[in-house]
Amino acid sequence: MKRRLLLLLPLLGFLVLGGFLYRGLSMDPSDRDSAMVARNFPEFDLATLADPDRRVDASLLEGEVTLVNVWGEWCPTCKQEMPQLLELAERGVRLVGVDYKDTRAKGRAFLDEFGNPFEVNIFDPEGSLGFDLGVYGAPETFLVDVDGVIRYHHTGYIAPEDVSRVIMPEVKKWRE
Amino acid sequence: MARVSVWLLVLLAAMSLPALAAVEVRQFDDPVLEQRYRDLTATLRCPKCQNQAIDDSNSPIAGDMRERVYQQLQQGRSDKEILDFMVRRFGDYVLYNPRLEGRTLLLWGLPAALVLLGIVLVIMLVRVRRDVAARGLSEAERTRLDALVHRQGAHHDTAHHERNE
């Protein structure tokens, strides 16, 4: 009898393996932990999009909970995301933009066309700040707390329902 | 006909140009550095792609990463420093060879544990079989064996005798 039960071992192994594979079917491979959360916003020294003579650095993000959005004129999803960012600005969230791998003319034209929810835009034509933020596409959004520490990283599109469901709760959580 | 083939060849060559353009050519004075560059770009995974190393991805971020690897090699950074630099920004995801640490213990340990388990199983099986072979027969088994051997032996003997006659 004991020997008979041992014959069920391969079946058991198959079921365990099948369970893992089944779970894998419904997992989102782009959903993964960010390496940036709980770390200081990286150091940088860049000009703003509006004024090439105005330099800004990481101290820009201290003192108030800030949503940093990485965008570019070349990024179609960023255009769809603008209404949500405008709504967040209207709800009193401080937004700072990073114009990523863009030209000044195109970046400014983008804001003229789709609206400007940003207090200031950091101009990052080489993508150096983006690289230090671990950005591998746009849009990406970071929530930075009063001490300049990154608290939340949203990879990709902020959908209309994400505003109330995800972003606002995070902002409120880190304001306290 | 020959002319058509030549044109086809030219067309094929032209079509393969974009593939060549995906990865840039880098100059190295030191062959060791070049080999390290090849190894590093083959073991770093492109964060934008699902399953592709940065050495053959034409995604912009893979190009940026190759550029950083190249710069840092020229600056004399070690492989570990360069990998740390990437992991700090993009997470463990970019390592095709996960590091041995607390949360990867199962990943690295399971194959070794399974091999050990297999060896133990084989040893146990061999021992059990050897014990069975070495164990003497019980009284009942011996009697039965004797009876069988005797009957077969008798049969053989008869056949033997018959052949002799």
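**View 1. Chain B from end to end.** Starting at the N terminus, the elements of chain B follow the order α-α-α-α-α-α-α. That gives chain B seven helices and zero strands; helices (H or I, at least four residues) and strands (E, at least two) are DSSP runs, numbered from the N terminus. This is a predicted model, in which local features need pLDDT of at least 70, side-chain atom pairs count only at pLDDT 80 or more, and totals for chains, interfaces and linings use all residues. Residues are numbered from 1 along each chain as its sequence is written, while chains are lettered from A and ligands numbered from 1 in the order in which they are written. Of the 165 residues in chain B, 12% are buried, meaning that 20 or more other C-beta atoms lie within 10 Å of a residue's own C-beta, with C-beta atoms placed from the backbone (exposed is 12 or fewer, partly exposed is in between). Take the contacts in chain B between residues at least 6 apart in sequence: 40% of them join residues at least 24 apart. A contact here means two C-beta atoms, placed from the backbone, within 7 Å.

**View 2. Helix α4 of chain B and its buried side.** Look for Ile61(B), Ala62(B), Met65(B), Arg66(B), Val69(B) and Leu73(B), which are buried in α4(B). They cover an arc of only 140 degrees around the axis, so they sit on the same side of α4(B); the arc is taken from the directions from the helix axis to the C-beta atoms. Their cover includes α3 (31-43) and α5 of chain B. After α4(B) comes Gly76(B), with a positive phi near 85 degrees.

**View 3. Where chain B meets chain A.** Eleven residues from chain B and eleven residues from chain A make up the contact. On the chain B side, the elements that give two or more residues are α4 (60-74) and α5 (79-90). The most come from α5(B), with four residues. Sorted by class, the chain B side has five nonpolar, two polar and four charged residues. In this sorting, Ala, Val, Leu, Ile, Met, Phe, Trp, Tyr, Cys and Pro are nonpolar, Asp, Glu, Lys and Arg are charged, and the others, Gly among them, are polar.

**View 4. Strand β3 of chain A and its two neighbours.** Six of the six residues of β3 (residues 66-71) of chain A are buried. Thr66(A), Val68(A) and Val70(A) point one way from β3(A), while Leu67(A), Asn69(A) and Trp71(A) point the other way. β3(A) runs parallel to β4 (residues 94-100) of chain A, joined by six bridges; strands pair if DSSP finds at least two bridges between them. Val98(A) in β4(A) is the bridge partner of Val70(A). From β3(A), the chain crosses through helix α3 (residues 76-90) of chain A to β4(A) in a right-handed β-α-β crossover: with the strands pointing away from the viewer, the path from the first strand over the helix to the second runs clockwise. Five bridges also join β3(A) to β6 (residues 140-144) of chain A, and these two run antiparallel. There, Asn69(A) has Thr141(A) in β6(A) as its bridge partner.

**View 5. Around Val120(A).** Val120(A) belongs to strand β5 (residues 120-124) of chain A. Val120(A) counts as partly exposed because it has 15 C-beta neighbours inside 10 Å. Leaving out residues up to four places away in sequence, Val120(A) touches Thr48(A), Val56(A) and Val96(A).
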